[in-house]
Amino acid sequence: MSNTTMKNTAMKILILAEHDGKQLSPAVYQAVTAAQFWNAPVEVLIAGSNTSALAAQATTITGVGRVIHTDAAHLTHQLAEDVANIIVQIAGEYQVILAAHSSFSRNILPRVAALLDVAMISDVLEIKADHTYVRSVYAGNIHTTIQSMDALQILTVHSSNFTAARNADANAEIVSIEAPEPFANTRWVSETRSLSNRPALGSAKVVISGGRSLGSAERFEELLSPLASKLGAALGATRAAVDAGFAPNDIQVGQTGVVVAPDLYIAVGVSGAVQHTYGMKDSKVVVAINQDPDAPIFQVADYGLVADLFEAIPELTNAI
Amino acid sequence: MKVLVAVKRVVDYNIKVRIKPDGSDVDINGVNMGVNPFDENAIEAALRLKEQGIATEIVAVSLGTSANQDVLRHALAMGADRAILVESDLTLQALGVAKLLKAVVLREQPQLIILGKQAIDDDAGQTGQMLAALLNYPQATFASAIQVDGNTISVTREVDGGTETLALNLPAVVTADLRLNEPRFVKLPNLMMARKKPIETIDAAEFAVNAEPRLKLIKVSEPSARKAGIKVGSVSELLSKLREHQGIKL
Ligand SMILES: Cc1cc2nc3c(=O)[nH]c(=O)nc-3n(C[C@H](O)[C@H](O)[C@H](O)COP(=O)(O)OP(=O)(O)OC[C@H]3O[C@@H](n4cnc5c(N)ncnc54)[C@H](O)[C@@H]3O)c2cc1C
Ligand SMILES: Nc1ncnc2c1ncn2[C@@H]1O[C@H](COP(=O)(O)O)[C@@H](O)[C@H]1O
């Protein structure tokens with residue numbers, strides 16, 4: 001149970017860092033801020049192959065005391081089985097293991113938790129006290145406050161609720177550790193990466209999302225791209241648009257997609273189902289353009305424009 | 001090849017759940033319940049493997065109270081061959097579910113276990129990965145395509161930034177994303193026929209695993225909702241409103 005009697009000097013926190021081999025995910029910086037809650041040394045794990053530059057980058061995050069670096073050819077694709085085994089090997093030193101909530105950490109940390117017999121807490125919105133967290137259930141409709149009974153805490157945090165830690169001069173030391181043997185029964189085969197010169201959806205300042213009403217992949221692109229270029233925006237989509245093949249799966253915003261919280265979110269022909277609004281309701285300013293005045297999206301929009309998107313979007317693009 | 005599918009009973013996704021007046025928990029009394037949507041994708045994936053002649057038997061498993069029979073009937077009506085209800089009065093959480101499912105797996109010895117990628121009530125998204133860990137099996141989460149070839153399954157996963165394809169040696173654990181398939185509708189005659197298929201009930205206590213909850217619910221609350229703003233009459237009005245906000249450059 002929680003140790004409130006004294007400050008445990010041995011208490012340390014481990015952050016599992018997401019990266020693509022070249023760059024740390026911006027969410028790592030937000031996870032570091034979340035970890036400051038405990039007032040304890042924060043260490044960052046970088047697992048991969050040829051990742052010395054990444055380890056060096058991690059030493060410059062304010063608040064990081066040590067970087068644990070494990071580099072091996074078989075870690076190129078960071079399979080859950082392999083990364084989990086690394087964490088389990090060093091877990092004894094930590095009281096908290098956390099990561100930013102993403103498809104990367106969601107794949108790995110539950111595996112770690114089960115191997116260590118710990119109940120994991122997903123997508124923490126707020127750290128209330130040591131062992132006590134707020135998280136949402138039912139697609140964001142309900143918030144729950146829960147208390148963990150485990151000594152070790154394993155959690156992912158809702159990055160947009162935490163400000164990013166800053167960069168400083170390299171302060172942290174780098175410690176290299178050996179990776180355990182590769183897990184034999186999983187083989188990486190291939191990947192497809194969406195190529196886009198737009199900003200990353202998760203960290204973009206402006207996001208424009210299109211719904212099913214765009215009608216086709218061509219029209220989705222034709223209509224929303226020029227506006228996105230003018231605004232330096234990332235494109236998002238509803239599940240209906242993704243399922244219809246108008247947009248790639250990795251730009252789906254919502255309960256089962258990406259959660260975004262940009263300065264400006266423009267929902268274009270989006271009805272506003274709770275599964276969608278879950279992923280955008282923390283945006284600073286929301287604009288909705290929909291021809292149905294009763295569309296639920298207007299209930300979460302600061303500015304609603306009842307209009308045919310095929311007229312309104314070109315007009316908006318031209319006016320900027 | 002035997003395929004095991006995990007089926008959770010959850011509040012229908014169209015329903016906006018409310019909390020009890022004292023804020024102690026959500027109030028799901030009398031609310032419409034059904035199969036977790038992702039688990040329908042899991043069942044559908046198993047059915048297609050059977051139609052391809054790869055799967056020979058599909059076993060649906062649900063953990064909870066006797067009320068869970070309805071979701072198992074639904075799985076049977078979709079085409080599962082038999083069903084197992086692991087009965088427990090505990091508040092089941094992902095780790096406990098994974099431990100109980102492991103016990104079922106050891107008994108049934110399936111080659112493939114398919115779960116949903118997340119339950120739409122707790123939104124945990126953990127059970128499949130935990131089960132794979134406890135069994136020391138390979139895992140492929142968020143599957144949008146699967147293909148079984150002899151002793152391996154190739155799985156395309158939806159990840160941030162694109163997709164990834166893995167090949168797993170069986171036995172393995174896969175969790176289904178919504179784009180894995182379009183689950184079939186259940187026809188009334190099938191629902192009638194499903195009544196004749198067996199549901200075996202096992203008392204969770206028989207498995208001698210500790211599935212006690214480790215996360216204590218302190219309270220629930222409704223998040224402060226975003227306030228609806230104003231309707232603007234034109235694109236130019238929209239622009240002038242937006243330009244009043246600092247930090248938004250248009
Ligand atoms: C388990 C589960 C998880 C889900 N997860 C997600 C998720 O993560 N993200 C997500 O987005 N959805 C998710 N969904 C789906 C969600 O419930 C909705 O079905 C979906 O968001 C609807 O997408 P849409 O708004 O594009 O389509 P629709 O609901 O069909 O809405 C189209 C809108 O476009 C408007 N429109 C049509 N023509 C025009 C025009 N010419 N000009 C202006 N407006 C126009 C209409 O008035 C309507 O409001 C999930 C569903 C389930 C069951
Ligand atoms: N009580 C349960 N009975 C059967 N399957 C379950 C149960 N709880 C979770 N699962 C399975 O685990 C998946 C993920 O659930 P969760 O980890 O709770 O988000 C679900 O989609 C189900 O396939």
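Me: In strand 13 of chain B, which residue is the bridge partner of Ala83(B)?

Reply: Ile199(B) in strand 13 of chain B is the bridge partner of Ala83(B). The model is predicted, so local features need pLDDT of at least 70 and side-chain atom pairs pLDDT 80 or more, while totals for chains, interfaces and linings use all residues. Residues are numbered from 1 along each chain as written, chains are lettered from A and ligands numbered from 1 in the order written, and side-chain values use heavy atoms, without hydrogens or water.

Me: What makes strand 7 of chain B and strand 13 of chain B a pair?

Reply: Five bridges join strand 7 (residues 82–87) to strand 13 of chain B, and the two run parallel. A pair needs at least two bridges found by DSSP, so they qualify. Strands here are DSSP runs (E, at least two residues), and helices are H or I runs of at least four, numbered from the N terminus.

Me: How do you know which strands are at the edges of the open sheet?

Reply: Ten strands form the sheet, in the order 10(A)-11(B)-10(B)-9(B)-12(B)-8(B)-1(B)-6(B)-7(B)-13(B), with mixed pairing. Strand 10 (186–193) of chain A and strand 13 (199–203) of chain B each pair on one side only, and these are the edge strands. The twist averages 30° from one strand to the next.

Me: What shows that the pairing around strand 9 of chain B is parallel or antiparallel?

Reply: Strand 9 (residues 139–149) runs parallel to strand 12 (residues 172–176) of chain B, with three bridges; one bridge partner is Val174(B), for Ala140(B). Strand 9 runs antiparallel to strand 10 (residues 152–159) of chain B, with six bridges, and Val148(B) stands opposite Ile153(B). In the hairpin of these two strands, with two residues between them, Gly150(B) takes a positive phi near 60°.

Me: Which residues of helix 3 of chain A meet helix 4 of chain A?

Reply: Ala80(A), Glu81(A), Val83(A), Ala84(A), Asn85(A), Ile87(A) and Val88(A) do; their counterparts in helix 4 include Asn107(A) and Arg111(A). Contact means heavy atoms within 4.5 Å.

Conventions. Axes fitted to C-alpha atoms, helices over the stretch in contact; angles between N-to-C directions.
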